[in-house]
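Here are a few notes to read alongside the model. Have a look at it first, then work through the points.

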Amino acid sequence: MAPTYDLQAIFGRFDTRGKDFSSAETYGSGHINDTFRIKTTDDTYFILQRINHEIFTRPVEVMANIERVTEHLARKIQERDGDPTRETLTLVRCKPNGDNDATSFTVVEGNYWRMYDFISGAKSYEIGEDSSCDGNGDEHDYVKEAAAAFARFQRDMADLPPPRLHETIPHFGDTSFRFQQFEEALAADAVGRAGGCRAEIEFAQARRSDASKLGDMVRKGGMPERIAHFDTKINNILIDNASGSGLCVIDLDTVMPGLAIYDFGDAVRAATALAAEDETDLSRVGFSLEKFEQLTHGYLSVAAKFLTDVEIDHLAFAARIVTMTIGLRFLADHLAGDKYFKTQRKAQNLDRCRTQFKTAEEMEKRYDEMKAIVEKYRRRYCRESISSIF
């Protein structure tokens, strides 16, 4: 039975500028945190969230990161005469309380809660969803717009003052670490499943050398550490209803130090898939080169001006390696007995692994085409950047 929460009482712990609770409804499509949209008596809305501290085991550090990120973004947006109330999330502070010195979250019966102002006039899109429902019949390229919005986020976070953000989930985007987890799960074979996935095991082992490539470059100083979002699904961008532009990056729980190109690779993995993540018919699995071009176009329209040449050189590789990394995680969890990812049927994590590996294989086959697309937009936007100087 799902737990119930006294949402009105929790809402009352936040400084809502005199607004009174009227009603609450579950909101959004997220599967980790519990999210509610709160309506007040004067028809103002807020987003109230319970942080899943079983997944985010360092919720205080998560909130410390989010505070710094949103405050920095608000300053950057204000400097360019934007609207920080719509272009970044705004945390609602807690009411002063002698028993609770937290300013951006409250703890109720062991659960961590935060609240944001609700951003109206915008929505997020799922891949394949019609983006022309803005009331005036205009078609908007929300994939391209979302990619540009993620790049703006990275650009704006580039000058965040020290100290370094907390690494709230250690090794989260480290493919070498994920490969190690896979090898440990294979050696243990805790539930006797290794015999049923030999092809997937061999696929992973054949790509062992790829696993450490980006990490080695960072350690040797060949690629810069940046601030990464680490969950760059297209539905984590709010698209403005009126203009169709990417407006605001949401779901900031995993923002921490990492690689900019990991975010690009994860966006490609999620947005270009031709089939469901757990599709059992592999003939339907692959990736869309058309959507890859949309993503690359949008991303480099902003990122070409701040990424290094080495980072741009490895954008297509990042798409491949991130896709393989997620497949490794599914395979390791299948071998371990489905301890991390929730499953609704037998071998679902193995099916998820197979779709990722099949997609990665398709990317390998079309790798030269992917690199040509990257080069096309590198030339376009790097040239524009140089022209703007003179």
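1. Among contacts between residues at least 6 apart in sequence, what share join residues at least 24 apart? In this protein it's 71%, with contact meaning heavy atoms within 4.5 Å.

2. A word on ground rules: this is a predicted model, where local features need pLDDT of at least 70, side-chain atom pairs count only at pLDDT 80 or more, and totals for chains, interfaces and linings use all residues. Residues are numbered from 1 along each chain as its sequence is written, and side-chain values use heavy atoms, leaving out hydrogens and water.

3. Overall, you'll find 14 helices and ten strands (DSSP runs numbered from the N terminus: H or I of at least four residues for helices, E of at least two for strands). Buried residues make up 50% of the 390, buried being under 20% relative accessible area with a 1.4 Å probe, protein chains only. The C-alpha trace spans about 60 × 60 × 45 Å along its principal axes.

4. Now pick out helix α10, residues 289-303. Eleven of its 15 residues are buried, so α10 is largely enclosed by the rest of the structure. Among them are L289, F292 and L295.

5. Helix α4 (residues 142-157) meets α10: their axes come within 7 Å and cross at roughly 35° (axes are lines fitted to C-alpha atoms over the stretch in contact, with angles from 0 to 180 degrees between N-to-C directions). On the α4 side, the contact includes V143, A147 and R155; on the α10 side, it includes L295, Y299 and V302.
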